[in-house]
Amino acid sequence: MFLKNCWYVAAWDHEVTGEPLARTLLCEPVVLYRTEDGTAVALEDRCCHRALPLSMGKVVGGRLQCGYHGLEFDAGGACVRVPGQAHIPPGAMVWSYPVVERWKYIWIWMGDAALADEALIPNWWWFDHPEWELVKGKYLRLDCNYELITDNLLDLSHLSYVHLQTLGTTDITEFPIKTEREKDMIRMTRWIIDRPAPPMFQKLGNFSGTVDRWQIVETFSPCHTQILAGAIDTGTIDPAKGEPVAGMHIRSLNAPTPETETSTFYFFGHARDFALGDEQVSADLFKMVSQTFDEDVVILEAQQKMLDREPDRPLIDINVDAPGLAARQMLRRDIEAERG
Amino acid sequence: MFLKNCWYVAAWDHEVTGEPLARTLLCEPVVLYRTEDGTAVALEDRCCHRALPLSMGKVVGGRLQCGYHGLEFDAGGACVRVPGQAHIPPGAMVWSYPVVERWKYIWIWMGDAALADEALIPNWWWFDHPEWELVKGKYLRLDCNYELITDNLLDLSHLSYVHLQTLGTTDITEFPIKTEREKDMIRMTRWIIDRPAPPMFQKLGNFSGTVDRWQIVETFSPCHTQILAGAIDTGTIDPAKGEPVAGMHIRSLNAPTPETETSTFYFFGHARDFALGDEQVSADLFKMVSQTFDEDVVILEAQQKMLDREPDRPLIDINVDAPGLAARQMLRRDIEAERG
Amino acid sequence: MFLKNCWYVAAWDHEVTGEPLARTLLCEPVVLYRTEDGTAVALEDRCCHRALPLSMGKVVGGRLQCGYHGLEFDAGGACVRVPGQAHIPPGAMVWSYPVVERWKYIWIWMGDAALADEALIPNWWWFDHPEWELVKGKYLRLDCNYELITDNLLDLSHLSYVHLQTLGTTDITEFPIKTEREKDMIRMTRWIIDRPAPPMFQKLGNFSGTVDRWQIVETFSPCHTQILAGAIDTGTIDPAKGEPVAGMHIRSLNAPTPETETSTFYFFGHARDFALGDEQVSADLFKMVSQTFDEDVVILEAQQKMLDREPDRPLIDINVDAPGLAARQMLRRDIEAERG
């Protein structure tokens, strides 16, 4: 039901420490911790002996020690000590997951470890570049399926109804969208020309009049969505040439990781190329984005509840659904290919 | 599992306003609101586009606007606007329920709209008549099946065990009941002769000694129960002639509407023909009735929980169950007839 | 799924009074109360009339009266009064369970009453003997299967990981255990020789140096575990001869009674043969034992949750599991024998 051979965000880098962290990912109990040299490790969070979550134990000399009977596991998941006996019983091990630390995130590979390829991690270099200011987001735990979040991000027409306080203006739906299907990515593009900037941009930009602004939303399979957004004084660039170098730019990077079929850890952060080092701007942006996403949570959880009542009942599609439907198709294709 | 072609109380009239009100009725999500001219409307509370409850949106120009993508629906349930596109997709509509406002209640017809006949609404004229003082009740949401409430109302012997603080006296079960079966109504009658009045009547009547009092409980299919109760000084009337014109009279009108198979919105109010306009009496009555019904809630929810453990285990019947059993028979007959 | 023809602890003696007490035991709703002469009674907690829990009623003249319609039941479970009618309907009765009051506990027999034999109650005479000081425990309600508690008590190696604040020392697993299987009892024995006493013993004993201490844990089918523990100055006795008469002795008596398959009422108390009458010692012991068991609750409930995810997945056994596995075997044998 999930794509397994791919990377998911398991945690922010700062969440994983010498204290074990429990997190259910793709319906599997996972424990995350760091060894003495700082390497992040992800193991199955269930002792092979009597099933206690290993996250209730502690890290002792780089090994994870069970909090019930003291069995110890190394970073590969092998049981390497059973108190009171020299012999380790055959089969005493827990699952170990490939882990990579990159772009401030801990990425985990939940499928076949032999296929884990770091090159498949989304290239979110903006999170780690001196010319961009990262505002680390937080994560939200939502009671909804993660694909509802992808739908939400690929259809920004909802800004006009859900987020008028922060990101939205009432005129967004007047401007058509373009949908592009690449091999492992879906792109939605919308240009809003010659209109007042929305509240967030008004506050941060230095615009004299109306602006041209763009929303370029790219979803990579299974569920990683980068939003390239920005604004510039109307009449200074040609939208047909794509996102301009000039103007203010924001990158919103979104990683909704399934906890279960109906709940999600939604990691998000954003980077900007203006007001670098300005902590007030960072705080304002964080506050606005948090408010925006809190507004989405209410919608998405209500939507999930209603969908759960009649899971097989058809829905009516409208024009702005095209990118979301394409992303769902891409993911179905990949899941079917993985199952063979 | 429910009778569909009949009227249920959906809400008190004052609950339905220009702000959408969500209420699950007979396991269906319903949204209630008023158009600009004050007409009450009931629609399916699930947008046909992406399933968000429409109750999370708002009423705009008499139409209900979805809070996610702004689709708008008219009072008949038709989608009449999709932001950003001129064409309304075929099939874009939600269910619309016939609604009638009468006797301070909003009545809803959950079955075949073509059969909705206002004449089938119970004739609760006491709620809207100058010679009767209505004390609007509230509604209770109970975790029990609605038929347990009908059982409760048709067997007032429980007053002796549950409601001694308000309506009950210990001697009720000494007096036999009479059960009458009419075509679409079950009637239970009990006369309690030459006894002290119960606390509530003592407080409100002006009795010199003992009273004769009556409980005439009439349940109309599926679940609407009117209690005609009253008291008069002993020896002044002949009980064999039925409820007298003299004495004090109370009408308790009860509409338990199923939310689900195991939960109920229980609407109730009462009218009296004495102390008209006396707000203190109204407040006292409201307080006593509320206390009484709160006592019932505890019983009914515990009963439901225990019944749920072993739904098919037979129960033992006693004499006072006759009216309740007759009402259950009447409802089964009607549900079977409806299913054909 | 449970052994039925055996005694379980239903309650502490002081819990059962003239006020009905509701308790679900082995998935059956039970109501406990005392008649006027103080005899404890256990009935099915479900009125045969309309299924209200009888525990919501009251004891009237030694009979249990239903709180809804006033039916009354005697100590044998027979309905002996129906208000308003002289005739008791055939079949009007609730289940009655054999009950014995012994060792401060109310014991209940949930199976065939004809087989209820008081001689089968564990002989926990220490709870009622002038040379032993009983510290009544409390009971804990745990969200775990009762056999997990038996596992826990038969494998005290976990003291080194879970209870270092109270009963544990880090060296326990250095000392091997012995497992003995008797007909209806499993015994685990461990001697810890020439080591410092754990915190609890340090505080209460009067030891000059290291001690020899013993843990003799005996589990009787289905789930009654007595721990004979103690300590004595190193070198003063011969462990090969078994528990010595000299030294300090503690008896920990444990009765985990299933509420459901995944929840348990865990009754426990302990007796000692030192510091008799010293209330400060009693209070200290109670506090330490309570802390210890609260530590276990966290472990056991987490274990149950994880086991529930994959109930059929095999576990890896280690040496210290031998007594627990033997107890599980004994219980399986008895349940199978009972089912025939």
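The domain assignment divides chain A into two parts, domain 1 (7-120) and domain 2 (125-339). The model described here is predicted. Taken over C-alpha atoms, the centres of domain 1 and domain 2 of chain A are 33 Å apart. The two domains of chain A touch through eleven residues of domain 1 and eleven residues of domain 2. On the domain 1 side, strand S1 (7-12) and strand S2 (21-25) of chain A each provide at least two of the touching residues. S1(A) gives the largest share of that side, with four residues. By class, the side of domain 1 of chain A that touches domain 2 has nine nonpolar residues, one polar residue and one charged residue.

Chain A also holds an open sheet. Four strands build this sheet in the order S5-S6-S7-S8 (chain A), and their pairing is antiparallel. Strand S5 (58-60) and strand S8 (79-81) of chain A stand at the edges. Each has a single partner strand, so one side of each lacks a neighbour in the sheet. Within the sheet, strand S6 (residues 63-65) of chain A runs antiparallel to strand S7 (residues 72-73) of chain A, and two bridges join them. Leu64(A) lies opposite Phe73(A) in S7(A).

A pair of helices was examined next. In chain A, helix H1 (residues 146-154) and helix H5 (residues 322-339) have axes that come within 8 Å. These axes cross at roughly 145°. The crossing of H1(A) and H5(A) is right-handed. From H1(A), the contact involves Glu147(A), Thr150(A), Asp151(A) and Leu154(A). They meet Pro323(A), Gly324(A), Ala327(A) and Arg328(A) in H5(A). Sorted by class, the residues of this contact between H1(A) and H5(A) are three nonpolar, two polar and three charged.

The relation between chains was then considered. In general, two copies of a chain are related by a rotation about an axis and a shift along it. Here, chain C is superposed on chain A by a rotation of 120° with 0.0 Å of shift along the axis, at an RMSD of 0.0 Å. This is the relation of a three-fold axis. The C-alpha of chain C nearest the axis belongs to Asp308(C) and lies 13 Å from it.

Chain C also makes a contact with chain B. This contact takes 20 residues from chain C and 18 residues from chain B. The side of chain C that touches chain B has eleven nonpolar, seven polar and two charged residues.

Methods:
Residues are numbered from 1 along each chain as its sequence is written. Chains are lettered from A and ligands numbered from 1 in the order in which they are written. This is a predicted model: local features need pLDDT of at least 70, side-chain atom pairs count only at pLDDT 80 or more; totals for chains, interfaces and linings use all residues. Copies are superposed by least squares on the C-alpha atoms of residues with pLDDT of at least 70 in both. Two residues are in contact if their C-beta atoms, placed from the backbone, lie within 7 Å. Ala, Val, Leu, Ile, Met, Phe, Trp, Tyr, Cys and Pro count as nonpolar, Asp, Glu, Lys and Arg as charged, and the others, Gly among them, as polar. Domain bounds come from an automatic or database domain assignment. Axes are lines fitted to C-alpha atoms, for helices over the stretch in contact, and angles run from 0 to 180 degrees between N-to-C directions. A crossing is left-handed if the near helix is turned anticlockwise from the far one by less than a right angle, and right-handed if clockwise. Two strands pair if DSSP finds at least two bridges between them.
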